[in-house]
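Subject: A structure for you to look at

Hi there,

Here is the structure I promised to pass on. Please open it beside this email and follow along.

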Amino acid sequence: MQPPRLKAGGRAFAQIAQYHPELTAFRRDLHAHPELGFEEVYTSARVREALRAAGVDEVHEGIGRTGVVGIIHGQGRASGSMVGLRADMDALPMTEHNDFAWKSCKSGLMHGCGHDGHTAMLVGAARYLAATRQFDGTAVLIFQPGEEGMGGARVMIEDGLFERFPVQSVYAMHNWPAMRPGTVGINGGAMMAAADRVTIDITGRGGHGAHAYQTVDVVLVAGHIITAVQSIIARNVRALDSAVISLCAVQAGDLGAFSVLPGQATLVGTVRAFDPAVQDMVEQRIKELCNAIALGFGATVTVRYERIYPATINTEAEARFAGDVAAALVGADNVERDLEPSMGAEDFSFMLQSRPGAYLRLGQGMGAGNSTLHNSRYDFNDDILPLGAALHAGLVEQAMPLASGQ
């Protein structure tokens, strides 16, 4: 057996490192069989099989449609404590351009964000925790579907997740290619931004491009809207706040009809912010600007503003605790406790709205062919599997320590 390439301290890492090859094989099997949100039939079955083989006490399926929850009771039960650990399972609708043996076998589907690795790390933690049970309380292992834009965390909560398993705190982690392997990042506040979707439908009057005066040009209106909405961040959001507006897609007309002005146009984009008050203001200003611009050109406009994910906000005490657990594992110098937030979004935010907890980033680097997240050549770095599993296990053991003599 090859020794692990990454080193870390503690009993959990040493024990989990012994089955690193098995975790790697499990992870690569999931990578080869990607499934979209709420379609994780194969993935859920593999997780249930792995949890039962590990000897967990209970395996619950069908929570949030394809979600799985594993229950492990510690040696002690006196505290009545319950801690949740979450991993996401779904893949992305994108084509993989890697050529290794475990590349996706499904056309147009790919594990381009590392959820296969997250699932494998939590399975590794389950195996260790079920074998050792060095804690006083109950570990709740949450394998969540549909993180990629489908709100699987919210769906699991609405399906009674925290009523059935009333955890006092909940934790999750995400691999981060921009951080070197063996490092952990966290902060005691905003980790990820809220994600909103904006759809702007413009209606005018189409006609011949040679007689534009007879039309209400929706392409012209769209151009003015695209330019104008950028002023919202520049002139309505405080410089000390953070927000992004990106209109990412435009649909109007027919590329084969170069002289035809269309009567309809649609813009689609996203807004990212950390503060709900900023979200409210941006929504209002987008609607005001779009309506004013359309009116000025004689067009009409409909703006649909959808709140997709709230901001991912760590609670201070749990973030501090998770940083301590990470420092015990990889050393204080390898833990960034004031990590810069990302304008990306994460539906673990719904769980943090329901329970105290923390979301961590686990460095995986971009060496050995690994690329950025949501890239067609991305792959999870298997070297960090034992580290992530040990970090999960440490959160449970240190949050619910056994009393002396137990």
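First, some ground rules. This is a predicted model, so local features need pLDDT of at least 70 and side-chain atom pairs count only at pLDDT 80 or more, while totals for chains, interfaces and linings use all residues. Residues are numbered from 1 along each chain as its sequence is written, and side-chain values use heavy atoms, leaving out hydrogens and water.

Let's begin with two helices. Helices (H or I, at least four residues) and strands (E, at least two) are DSSP runs, numbered from the N terminus. Helix α2 covers residues 20-32 and helix α3 residues 41-54; they pack at an angle of about 165 degrees, with axes 10 Å apart. Here, axes are lines fitted to C-alpha atoms, for helices over the stretch in contact, and angles run from 0 to 180 degrees between N-to-C directions. α2 and α3 are therefore roughly antiparallel to each other (angles over 145 degrees count as such; under 35 is roughly parallel, 65 to 115 roughly perpendicular and the rest oblique).

Which residues meet? From α2 come Phe26, Asp29 and Leu30, and from α3 Tyr42, Thr43, Arg46, Val47 and Ala50 (contact means heavy atoms within 4.5 Å). By class, this contact of α2 with α3 has five nonpolar, one polar and two charged residues (Ala, Val, Leu, Ile, Met, Phe, Trp, Tyr, Cys and Pro count as nonpolar, Asp, Glu, Lys and Arg as charged, and the others, Gly among them, as polar).

Next, the rings. Searching the whole structure gives four aromatic pairs (rings of Phe, Tyr and Trp, the last by its six-membered ring, with centres within 6.5 Å; planes under 30 degrees apart are stacked, over 60 edge-to-face, the rest tilted). One of them is stacked: Phe100 and Trp102, 4.4 Å centre to centre with 15 degrees between the planes. Another, Tyr309 with Phe350, is edge-to-face, at 5.8 Å and 85 degrees. Tyr309 lies in strand β13 (residues 300-309) and Phe350 in helix α10 (residues 348-354), so this pair ties together parts 41 residues apart in sequence.

Both Phe100 and Trp102 are buried, and so are both Tyr309 and Phe350 (buried is under 20% relative accessible area, exposed over 50%, partly exposed in between, with a 1.4 Å probe and protein chains only).

Finally, look at Arg65, in the loop between β1 (58-63) and β2 (67-73). Its phi is near 75 degrees, a positive value in a residue other than glycine, and Arg65 is exposed, at 57% relative accessible area.

Enjoy exploring!
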